[in-house]
Amino acid sequence: MTPEHRPPTGTPATGTNDPLFGPPPGCPAHGLGPGGPHRLYGAGAEDLDDLYERLRERYGPVAPVLLHDDVPMWVVLGHAENLQVVRSPSQYTRDSRIWAPLLDGRVKPDHPLMPHIAWQPICSHAEGDEHLRLRNAVTSAMATIDHRSVRRHIGGHTQHLVNGFCERGRADLVAQFAEHLPMAVLCEILGMPEEYDDRMVQAARDALKGTETAIQSHAYVMDALNRLTLRRRARPEDDFTSHLVMHEARLSDDEVREHLRLVLFAAYEATANLLANALRMVLTEPGFRARLNGGQMTVPEAIEQSLWDEPPFSTVLGYYAKQDTELGGQRIAKGDGLLFAPAPGNLDPRVRPDLAANMQGNRSHLAFGGGPHECPGQDIGRAIADVGVDALLTRLPDVQLACAEDDLRWRSAIASRHLVALPVRFEPKPQQDTDLPPRAYAAPGLPADLRPPARRREPQGAALPAAVPPPRPAPLPPVPAGAPARGPWQRLLRWWRGE
Ligand code: HEM
């Protein structure tokens, strides 16, 4: 059943004088066109948070909305109802091939949300045994990641990025920090640290923004992932991609490449948003900074609060009903589509009657989804945000917003909301030896000969350097488990990996 504009059971039918959905479809007097103001695109999308609250008031925990081209969808606003959707694989699937508007041609092939909707051979769209096969390969490869070494990479990259602007006394923490750090760390994790540069960051941002150069930018990223897949197929090493290639699920090259794409793009976008949101909160909410400085709140707790208040993915498109059912008082028909919606779900007054109350110690937000598709990379996303924010605040303790809070701008889309820029100022600081991990993560007594080698400094500014492929350094030799440490480099690797 298509989500018609019907109120939940027991409430009066929507009339033409309804304050929210007032005009009848196409009413020229109101100029709203079909569907009225509950479109999640165009003018209707200007303040989605506000729209979700008005929908909650009008419809309760599940409301009908319209996507581009006025394609109908349900948005799930309730916390419990969102969990019910993601935890009920017998009733809801992420496989869009059963979505009625797609089957009957209402969703055209050039629909702007097609990249999110079109079925792909990846774990996020699969279910049942196929989902298990693909997801096991991803989670097994993730289980080989040494978290201590990842935290060191995060700390080291943070120092490099801060060195790039610390002497100037000002920076834009979105363009110069939040959009760089996750890419640097993900390139390390995947096994292609040499690919991390301004060009890769710009390409990923451009592809996600869907600008007119998005296709070329996407191709640039995919070319790097393709080369990585072929290199590791020919000669596996000890990294995420090699473990994905070698997994007993025997993923094809296409499947490996598509999962690298899923991990790179989803993780990059979500983590860049989380970093920007958390830094914005620290800089603009006085109570927040005071609690951090006074020790009543730790950085990980601040990150968790940000995951409640501004989840990096506001909604996930989508889940599809496998049978007629009921959700939050609405009748959902087989083939209907639903937006899993962490942003309004996290604000459900039934779980957060007082939005000002801090959620310290409570991790039951919806930012990472739930059920069989729950984000398998959440520890990495949290680590990038925790270590990155902590190391940045340690280097720049006097950092403050360099514009009026009201001047901050966001770019809103259905799936996420990005802070456009976060200008800050601080007393200029000297560069710091980036060979050392940040203060909080330095192991005491690290011998000088075990310090990681110096890396090149990060290029500054938004200009795109020419797309000259960076030189490929020789791969590091893997350190076999139990092998005796030989030179200082191998001892360093062991120390980084916590062996
Ligand atoms: C703050 C950071 C992150 C957030 C907020 C986030 C959030 C999410 C969400 C909401 C989903 C969809 C859940 C669903 O469909 O119900 C998801 C799926 C996924 N995420 Fe993340 N994510 C983050 C970081 C990462 C990282 C760092 C990685 C990998 C290194 C990653 C890998 C994945 C994968 C592979 C899936 C698909 C899982 C499946 O469908 O079985 N994510 N994530």
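User: What makes β2 count as largely enclosed by the rest of the structure?

Analyst: Five of the six residues of β2 are buried, so the strand is largely enclosed by the rest of the structure. Strands are DSSP runs of E with at least two residues, helices are runs of H or I with at least four, and both are numbered from the N terminus. Keep in mind that this is a predicted model, where local features need pLDDT of at least 70, side-chain atom pairs count only at pLDDT 80 or more, and totals for chains, interfaces and linings use all residues. Residues are numbered from 1 along each chain as its sequence is written.

User: How do you know that β2 pairs with β1 and with β8?

Analyst: Two strands pair if DSSP finds at least two bridges between them. Six bridges join β1 to β2, and these run antiparallel; V65 has M73 as its bridge partner in β2. Between β2 (residues 71–76) and β8 (residues 337–340) there are two bridges in the parallel sense, with V75 opposite L339. Both pairs therefore meet the requirement of at least two bridges. In the β1–β2 hairpin, which has three residues between the strands, D69 takes a positive phi near 65 degrees.

User: Why are β1 and β3 called edge strands?

Analyst: They belong to an open sheet of five strands, in the order β1-β2-β8-β5-β3 with mixed pairing. β1 (62–67) and β3 (92–93) each have a single partner strand, so one side of each is left without a neighbour in the sheet. Helix α2 (residues 79–86) lies across β1, β2, β3, β5 and β8, at about 120 degrees to β8. For that angle, axes are lines fitted to C-alpha atoms, for helices over the stretch in contact, and angles run from 0 to 180 degrees between N-to-C directions.

User: What makes β4 and β9 edge strands too?

Analyst: Their open sheet has three strands in the order β4-β12-β9, paired antiparallel. β4 (170–172) and β9 (400–401) have a single partner strand each, so one side of each lacks a neighbour in the sheet. β9 pairs with β12 (residues 423–425) over two bridges, and L401 stands opposite V424 there.

User: Which of the helices α8 and α13 is enclosed, and which is hardly covered?

Analyst: For α8 (residues 181–190), 10 of the 10 residues are buried, so the helix is largely enclosed by the rest of the structure. Among them are L181, C187 and E188.

User: Why is H365 called buried?

Analyst: H365 has 20 C-beta neighbours inside 10 Å, so the residue counts as buried. H365 sits in the loop between α15 (342–346) and α16. Leaving out residues up to four places away in sequence, H365 touches L307, W308, P311 and N346; touching means C-beta atoms, placed from the backbone, within 7 Å.

User: What makes a residue part of the shell around the ligand, and how many are there?

Analyst: A residue is near a molecule or strand if its C-beta atom, placed from the backbone, lies within 6 Å of it. The shell has 27 residues, the closest being A267, G369, C375, G377 and G381. Elements giving two or more residues are α5 (128–143), α12 (253–284) and α16 (378–395). Helix α12 has the largest share, seven residues.

User: How do you know which parts of the chain to treat with caution?

Analyst: Look at pLDDT, the predictor's confidence in each residue, from 0 to 100. The chain averages 82, and 79% of the residues score at least 70. Residues 1–35 are below 50, though the model gives this stretch 48 contacts beyond near neighbours in sequence. Residues 436–499 also stay under 50, with 72 contacts beyond four places in sequence.

Methods
Buried ≥ 20, exposed ≤ 12 C-beta atoms within 10 Å, placed from the backbone. Contact = placed C-beta atoms within 7 Å.
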